[in-house]
Amino acid sequence: MLKIYGIYRSRATRPIWLCGELGVPFTLVPVIQGYRLPDPLAAAAPLNTQSPDFLKINPNGRVPSIDDDGLILHESLAINLYLAKKHGGPLAPVNIAEDGLMTMWTAWALTSVEPLSIQILQHRVSLPVAERDPKVADAAIDGLRHPFAVLDAALAATGYVVGGRFTVVDINIAECVRYAMTAPELFEANPNVKAWLAKLHARPAFKAMMAKRELEPA
Ligand SMILES: N[C@@H](CCC(=O)N[C@@H](CS)C(=O)NCC(=O)O)C(=O)O
């Protein structure tokens, strides 16, 4: 059976959500971020991203990784493209043109959205209050205004990014956009993005994934 290494409070949400949509069963091997632990290398430490045993799986020391019948893959969004194509159906590209578009939008989300949306999340919510810098969050919001407008225009015709239907690339982009939700001004300025994200977050597979995420300590 497919193994996903990671925890719900990590980018493992991405393949977990996708597997829920595809109906693909998996085993979650809990691997926590090493930086969350006081001593990640202690003998009693749980399996974490700095554990020698995990570094044999992913020498980058990051989650998620997957083991699919011996094929080891890292990088959450590449994992999702692989799983969608392997299992086929409406979430996968139907031809090489859609494949190109899905790869393009995934690379766009990784380079144009995620680095900035993470800064918003960190400096508005997740860092200890003393380490938050409102200027960093504000600059990241400014940097996302144009990418959000680009996404808004792409969604205008059908409400989805590729092929006029819900696909893996909606998951890949939405998971990068989710980190910016503490900047409501970006969504108010881009109603198609706002409606699209709400529609995706209403999907049973997303809600099931988030319900399990809520059970993990923050
Ligand atoms: N580009 C990678 C990033 C993976 C990543 O940074 N994962 C975080 C958890 S969400 C992690 O493992 N951090 C551990 C660390 O920084 O030590 C992906 O999308 O899979």
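The chain exposes about 10,400 Å², of which carbon and sulfur atoms supply 61%; accessible areas come from the Shrake-Rupley method with a 1.4 Å probe, and for residues only the protein chains shown count as cover. The structure is a predicted model, in which local features need pLDDT of at least 70 and side-chain atom pairs count only at pLDDT 80 or more, whereas totals for chains, interfaces and linings use all residues. Residues are numbered from 1 along each chain as its sequence is written, and side-chain values use heavy atoms, with hydrogens and water left out.

Nine helices and four strands make up the secondary structure of the chain; helices (H or I, at least four residues) and strands (E, at least two) are DSSP runs, numbered from the N terminus. Read from the N terminus, the order of elements is β-α-β-α-β-β-α-α-α-α-α-α-α. The C-alpha atoms occupy a box of roughly 55 × 45 × 25 Å along the principal axes.

Of the 218 residues, 47% count as buried, where buried means under 20% relative accessible area, exposed over 50%, and partly exposed in between (1.4 Å probe, protein chains only). Among contacts (heavy atoms within 4.5 Å) with a separation of 6 or more, 61% join residues 24 or more positions apart. The chain carries 21 positive and 21 negative charges, whose mean positions are 3 Å apart. In this count Lys and Arg are positive and Asp and Glu negative, while His and the chain ends are not counted; each charge is placed at NZ of Lys, CZ of Arg, CG of Asp or CD of Glu.

In soluble globular proteins, nonpolar side chains tend to be buried together. The largest nonpolar core of the chain holds 52 residues, and the members touching the most others are Leu 151, Val 161, Ile 173, Val 177, Leu 186 and Trp 196. Helix H6 (residues 168-177) gives the largest share of this core, seven residues. A second, separate core of five residues includes Val 29, Val 31, Phe 54 and Val 63. A nonpolar core is a set of buried Ala, Val, Leu, Ile, Met, Phe, Trp, Tyr and Cys residues joined through side-chain atoms within 4.5 Å.

Helix H6 is largely enclosed by the rest of the structure, because ten of its ten residues are buried. Among these buried residues are Asp 170, Asn 172 and Glu 175, together with Val 168, Val 169 and Cys 176. Val 177 touches Val 113, Phe 148, Leu 151, Phe 187, Val 193, Trp 196 and Leu 197, residues up to four places away in sequence not being counted.

Trp 17, in helix H1 (residues 13-22), is buried, with a relative accessible area of 0%. Beyond residues up to four places away in sequence, Trp 17 touches Ile 171, Ala 174, Glu 175, Leu 200, Ala 205, Phe 206 and Met 209. Trp 17 and Lys 207 are 190 residues apart in sequence, yet their C-alpha atoms are 8.8 Å apart in space. Ile 118 belongs to helix H4 (residues 96-126). With residues up to four places away in sequence excluded, Ile 118 touches Arg 11 and Tyr 179. The C-alpha atoms of Ile 118 and Ala 137, 19 residues apart along the chain, are separated by 9.3 Å.

Several loops show particular backbone geometry. The peptide bond from Val 63 to Pro 64 is cis, with omega near 5 degrees, and Pro 64 lies in the loop between helix H2 (52-57) and strand E3 (65-68). In the loop between E3 and strand E4 (71-74), Asp 69 is found; its phi is near 55 degrees, a positive value in a residue other than glycine. Asp 69 counts as exposed at 71% relative accessibility. Glu 75, between E4 and helix H3 (76-87), is not a glycine either but has a positive phi of about 75 degrees. At 53% relative accessibility, Glu 75 also counts as exposed.

Pro 184 is situated in helix H7 (residues 184-188) and counts as partly exposed, at 45% relative accessibility. The C-alpha atoms of Pro 184 and Ala 202 are separated by 18 Å, the two residues being 18 positions apart along the chain.
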